[in-house]
Amino acid sequence: MAKSEKGPREVVSSLGTPVKCFYGPGDPGDFSYEEKLNDPGVYPYTRGIHPTMYRTALWTMRQYSGQATAESTNERFKYLLASGQTGLSLAFDLPTQIGLDSDMPLAADDVGKLGVAVDTWDDFARIFDGIALDQISTSFTINATAPIILAMYVLTGEKQGVDKKKLRGTIQNDILKEYIARGTWIFPPEPSIKLVGDLVEYCTTEVPRFNAISVSGTHIREYGASTVQSVALAISIAEVYLKEVLKRGSKIDEIAPLFSFHLPIGGRDFNFFEDITRLRAARRYWARLLKEKYGACDKRSLQFTFSTGGMGGGLTAEQPLNNIARATIYALAAVFSGTRSLNLACFDEVYAIPSDLAIRTSLRIQQILAHETGIADVVDPLGGSYYVETLTDEMEAKIGEIIAEIEGAGGIVAMIESGSIQRELAAQSYEIQKKINSGERVMVGVNRFRTQEEDRDIEIYKTDPETINRQLTRLAQVKEKRDRARVSQALAELEAAARAGVNIIPHLFAPISEMATVGEIIETLKKVYGTFKEPATV
Amino acid sequence: METRKTIRVLVAKIGLDGHDVGAKVLTFWLRDQGMEVIYTGLRQTPEQVVQTAIQEAVDVIGVSILSGSHGAVAEKLTARMKECGLDDVLLLFGGTIPKDDVALLKGLGVHGVFTSHSRLEDISTFIRGKVTGEGAKND
């Protein structure tokens, strides 16, 4: 062989394992169809949680939206429903996420910026004006103030004459990842976990069709977690919540079916096959975990239910239309992994919150895949691939390894309190960035294939500067109309319930109905629970 | 060989935005470039940041903001810096900042704006250029 002939490129997976040029009948070594895969809808659900998947129902196409005021969000919701979207997803502004009212000094710069401002139930009810809550499912990206938002949804349903047992949707209610990655914490971890448990426990009996929790690996991944770490950390966090509810006497099969996950696809260090296989692996890992460790029997407990989000982190400011191609490939990976619902980051998201055109394009990507390509015709079409099954096995082993390491370090809560997990992920993020800087990790248009860009004017969504004034006027009007004494009384009862350590959800309805603000409710609870102090992490 | 003064940088998160991995990555990078870097943590007010900048005698304040409130924050921060006489401190903004807003921030007295287009080297080179007068002075 001529010496000048170059050998094949060396490839190492994100797990650190060497990747062969091709895989064959010997891969993976100890393969048994029944044990490792089995048919879709059958334990351990590696191939999917339903036997027919997209042949029966396509994934839910859900674009994250919500901005400024209740009216503009309501308008956008109606626009999306008319465009064929099948579920709603609501974004809240930062003050609402952190429990501040629009008229509080710290909130001023962020009112209505990244989502809708909700100060009182009056705002919330307007978002769903003319939208029948028994006809749709709604996903709420909310954590620290999740109990308040769920209570508002229940009350809004009641007002429409819809029984809470008929409400469908998902509430994120995953506070632990907020300490790691997204920063919308209020109380310290311990009482926060208690509140997560309150919401799950309440939904079990009262709002049974609602996913009371959606443990999210997405923000953790954006923060620097590897693709498999994002799944392993999410499962580790889910176990904290499971244990919280179990210790109150709930049975595993009553609560586990209410757990769902939201997991990322894509990113700066995206690998198509790794993203798919770690989700196939997660289904198998979860099924075995719930059966063997927790003794679950109900198949809904054993089924790892997840939605996916095409990540914004892998999208680039350079040559932004390239992001449509990236989002398409993320969507393809999400569908091959058996996602139940998909939200795709939009091509202009690097600049601002998405414009109507960009949101529609993300929805159209999903519709093209669903209706024009045939990829929704066969369940788990990659199943049985020598490579995919080998990688799925490796991913499953790694998930177990990471979870064992976390337990060895005293558990995820201890790691959050000390800041060690935050430090580890930020350092990983820095390593990825260095690889992009050096060109070791190629990003098209960023460190390779750069062009002198035409100055394309992307239509950028701008928040109406009048938003805050409108919101302040609304809040002042609501405050003027309410009965101050009844508000105080309801808040005092809430505080007593929090001090008594009982489930606080039933005690939220009175203050919310009396138009107590989100900020007033949170300030009341802070008196009992305290406030989180961030550990130094860098 | 002359010992060069070590550049001191305050990386700050102002407002409610909790996305701080970019701030941390920048902190690591500037430290690797030999600078001393302090990171404020989340949810700071402009007043707190200016106070820390004075206490720590920094040469540079770098504000990371991804929530869209950069305009309002820059207004308050630059006003506060003027009040406290921090005229010599280099002020940088970075994050999700639309192109159209760059001029607005510069008009308020922000010296450099770095968005998702920027590379880490661009930021460290800019700082070194402005603080020590070395290297490229690209904006």
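Select chain B and colour its buried residues (a residue is buried if 20 or more other C-beta atoms, placed from the backbone, lie within 10 Å of its own): they make up 50% of the 139 residues. This is a predicted model, in which local features need pLDDT of at least 70, side-chain atom pairs count only at pLDDT 80 or more, and totals for chains, interfaces and linings use all residues. Residues are numbered from 1 along each chain as its sequence is written, and chains are lettered from A in the order in which they are written.

Stay on chain B and switch to cartoon view. There are 5 helices and 5 strands (DSSP runs, helices being H or I of at least four residues and strands E of at least two, numbered from the N terminus). Along the sequence the pattern is β-α-β-α-β-α-β-α-β-α.

The contact between the chains takes 27 residues from chain B and 27 residues from chain A (two residues are in contact if their C-beta atoms, placed from the backbone, lie within 7 Å). On the chain B side, α1 (21-32), α3 (70-83) and α5 (120-132) each give two or more residues. Of the elements there, α1(B) gives the most, with 5 residues.

Now select residues 227-246 and 386-408 of chain A. These are helices α9 and α15, which pack at an angle of about 50° with their axes 9 Å apart (axes are lines fitted to C-alpha atoms over the stretch in contact, and angles run from 0 to 180 degrees between N-to-C directions). Among the residues that meet are A:Val228 and A:Ile235 in α9(A), and A:Met395 and A:Ile402 in α15(A).

Key: A residue is buried if 20 or more other C-beta atoms lie within 10 Å of its own, exposed if 12 or fewer, and partly exposed in between; C-beta atoms are placed from the backbone.
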